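Me: I'm new to reading protein structures. Could you walk me through this one, feature by feature?

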Amino acid sequence: MNAHKSFYTKVASWIGLGMIALAAGCAAQKPVEQARPAWPPPPEQARIEFVRTVSSEDDVAHDTTFTQSVADFLAGTKPTAAQIVEPNGIAVSDDGSVLYVSDRAQGAVFVFDFGKKQFLRVGAEKGEAGLDWPMGVALDGEQNIYVVEQGSKAITVFDPSGRKIRSFSDKSLERPSGIAIDRERRRLYVADASHTLSKEQTVKIFSLDGKLIGKLGGQKGDGPGFFNVPTYVWVDNNGDVYVTDTMNCRVQAFSPDGKYIRSYGERGDAYGQFSRPKGVALDTFHNVYVVDSGWSNVQIFNPQGQVLLFFGGRGPLPGMLKNATAIAIDKRNHIYVGDYLNHRVEEYRLVNTTAADSIPDSGTPAAAPATDQPKS
């Protein structure tokens, strides 16, 4: 899975040629199916394949990636109430058939049930004021929906049908953002992004019934175990906790008992380095995926912290990203990325990959010149 130094140029040219044909197809009102991008691009073996775009309730029943969604983009159509505007949190059901997207601008969590071909808008139904700046979203073992409401500094819980169960908070929460659940230990982790002048930068740990039981981090800092604006969090099957430490340009991993394990990434413009890291998630091989909003891509690290590959890139076309935010990966290794400024979620999948592929051929990651990275 070594990164390919020139893939951005190749993929941009490849998709751009396809876009010309697509525009012609839209003008003739005839949908044109396009080749779906992959990383690295041919002739190298693909590891990440783009699957589709999810942007509105229309995508539940039909794949509109290369038809309606692109036509809407070209026409500048105003979003509807069932259209993604600001995706800030993503979760996927255990069976991979249901996608949950929190949308701050819409004040709701969108539920795309691809199995039943149903769409649900949670928290902003008729007669409801809507959620107060919804951010992170997570599911417990019963598929109840936990949503961070940043405006009210609270976590609100809904059942799978969208009915509100309860809401809880704590006076220590300042600007809650990402959320993750450790089902085995029945813990809820909330990344508190706080404020630039806040003395503490922490991830709060709650019991599932809403009691504050601990925290990661402490005083603002850049040493191991300390944070400077933690934004997103992920819990793996072992109970290890991965926290995006955005202003320190890294992801930190902790054991279930809160001990620091290692960091992934650092500030910079080469492979393995970040501008503004956001969402973090792990695949079934324990590779670590980190969304970089600044570079508008996703970088993949092996469990030892070596960079393997990055995919995406800045642009409006399907498979590309603009200031990406959240990420979630299901048990099939399908990858969902919140594409903030393109007002959508992009779905990819890991292919042609085994556990052995998490070891780079050279043993060390290759550096990439800044010109290979799209500018923000």
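Me: What volume does the largest pocket have?

Reply: Start with the general idea: rolling a probe the size of a water molecule over the atoms shows where empty space is left. Here the largest pocket has a volume of about 900 Å³. A pocket is an open set of points on a 1 Å grid over the protein atoms alone, where a 1.4 Å probe fits and protein lies on both sides within 12 Å along at least five of seven lines. The volume is the space filled by probe spheres set on the points, which are joined across faces, edges and corners. Before we go on: this is a predicted model, so local features need pLDDT of at least 70, side-chain atom pairs count only at pLDDT 80 or more, and totals for chains, interfaces and linings use all residues. Residues are numbered from 1 along each chain as its sequence is written, and side-chain values use heavy atoms, with hydrogens and water left out.

Me: Which residues are the closest to the centre of the largest pocket?

Reply: Lining residues have an atom within 4 Å of a point. There are 39 of them, and Arg183, Trp234, Val235, Asn237 and Ile329 are the closest to the centre. Among the elements that give two or more residues to this lining are strand E3 (87-92), strand E15 (230-235) and strand E25 (324-329). Strands are DSSP runs (E, at least two residues), just as helices are (H or I, at least four), numbered from the N terminus.

Me: How many helices and strands are there?

Reply: Look for three helices and 27 strands.

Me: And how much of the protein is buried?

Reply: Buried means under 20% relative accessible area, with a 1.4 Å probe and protein chains only. Of the 376 residues, 58% are buried.

Me: Which residues have the most contacts inside the largest nonpolar core?

Reply: A nonpolar core is a set of buried Ala, Val, Leu, Ile, Met, Phe, Trp, Tyr and Cys residues joined through side-chain atoms within 4.5 Å. A contact means heavy atoms within 4.5 Å. The largest core has 52 residues, and Ile48, Leu99 and Tyr289 have the most contacts inside it. Another core, of 14 residues, lies apart from that one and includes Val148 and Phe168.

Me: Where are Pro40 and Pro43?

Reply: Pro40 sits in the loop between strand E1 (38-39) and strand E2 (48-54), and Pro43 is in the loop between E1 and E2 too. Check the peptide bonds there: Trp39 to Pro40 is cis, with omega near -10°, and Pro42 to Pro43 is cis, with omega near 15°.

Methods: Buried < 20%, exposed > 50% of the residue type's maximum accessible area, 1.4 Å probe, protein only.
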